[in-house]
Amino acid sequence: MTVLFEVAGHVATITLNRPEKLNAFNEKMTREIAEIWQRVRDDDDIHVAVLRAAGDRAFCTGIDMGEGPWWTGKSVWNQEDPGVLLGPKQHRVWKPVVAAVHGMAAGGAMYFLNEADIVICAEDATFFDPHANSGMVSALEPVGMLRRGVPLGDVLRWALAGNEERITAATALRLGLVTEVVPRDELWPAARALAEEIASRRPEAIQGTVRAIWESLDEPPSLAQRHGLAYTQLGNQGRGTMPRGERRERRLR
């Protein structure tokens, strides 16, 4: 399997599992991750998902260039970027996704990260875009970064500088690309602890919150306000506030 999947305590753990290929995605991984997102979406026992990667060197280095694109045999009018299948929001997953990044996160890795709800990373994480080195247009990944709120100038620099310049974990934190930086050996436990904390909340409220926030990105403010009110009325009917869980300290480095 190119993707490992397990569920425990209302938390699904998804592990990219091609470490010998730096977790680059191919057709098999793309199909497997799409099926997993659909299971996460439809299984009510799953409240939160953690996305991580096997191996020591990389979270994901984009498409597996050794195998190359597998969609070019289709009519140009029927071709779609397969990378869109990698992100949870393309599958209407409104359950929170916590991404845990270590090592290299290059190019197409942003398909995963741009649609994660919370991204944390290890101190050894680096983010870069190899498209320019290969003479290829970089479009969908940086557009997704802009949608996340990464500043325009920094997105352009990331997309144009290529392999020669890498965003460090500290810079990723400053830019808002990640929300927390932890020592490498604490990465997976930190992601799990955060996921369990969120999973302890009423799932209908959490999913309504995620959906309202993401959909607001595509809407003018007035429409976003109306949709937000509708989701509040729909999701909070007959419900009081839930007990607050123990607070965790966010580590900023």
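Analyst: Start with a definition: a residue is buried under 20% relative accessible area, exposed over 50%, and partly exposed in between. Keep in mind that this is a predicted model.

User: Why is L146 called partly exposed?

Analyst: L146 has a relative accessible area of 38%. The label applies between 20% and 50%, so L146 is partly exposed.

User: Where is L146, and which residues form a nonpolar patch with L146?

Analyst: L146 lies in helix α3, residues 140-147.

User: What makes the contact between R31 and E27 a salt bridge?

Analyst: The cut-off is a side-chain nitrogen of Lys or Arg within 4 Å of a carboxyl oxygen of Asp or Glu. For R31 and E27 the N to O distance is 2.8 Å, so the pair meets the definition. The two residues are four apart in helix α1, which means that about one helical turn separates them.

User: Is E27 buried, partly exposed or exposed?

Analyst: E27 is at 30% relative accessibility, so it counts as partly exposed.

User: Which residue forms a salt bridge with D218, and where do the two sit?

Analyst: D218 pairs with R147, with the closest N and O atoms 2.9 Å apart. This pair links distant parts of the chain: D218 is in the loop between α7 (203-216) and α8 (221-235), R147 is in helix α3, and they are 71 residues apart.

User: How many salt bridges does the structure hold, and what is known of the one between D64 and R18?

Analyst: The structure holds eleven. In the one between D64 and R18, the closest N and O atoms are 3.1 Å apart. D64 is in the loop between β4 and β5 (97-101), while R18 is in the loop between β2 (11-16) and α1 (27-42), 46 residues apart. Both residues are buried, which means under 20% relative accessible area.

User: What makes β4 and β9 edge strands?

Analyst: The open sheet has four strands in the order β4-β6-β8-β9, with mixed pairing. Strands β4 (58-60) and β9 (167-168) each pair on one side only.

Methods. Residues are numbered from 1 along each chain as its sequence is written. This is a predicted model: local features need pLDDT of at least 70, side-chain atom pairs count only at pLDDT 80 or more; totals for chains, interfaces and linings use all residues. Side-chain values use heavy atoms; hydrogens and water are left out. Two strands pair if DSSP finds at least two bridges between them. Buried means under 20% relative accessible area, exposed over 50%, partly exposed in between (1.4 Å probe, protein chains only).
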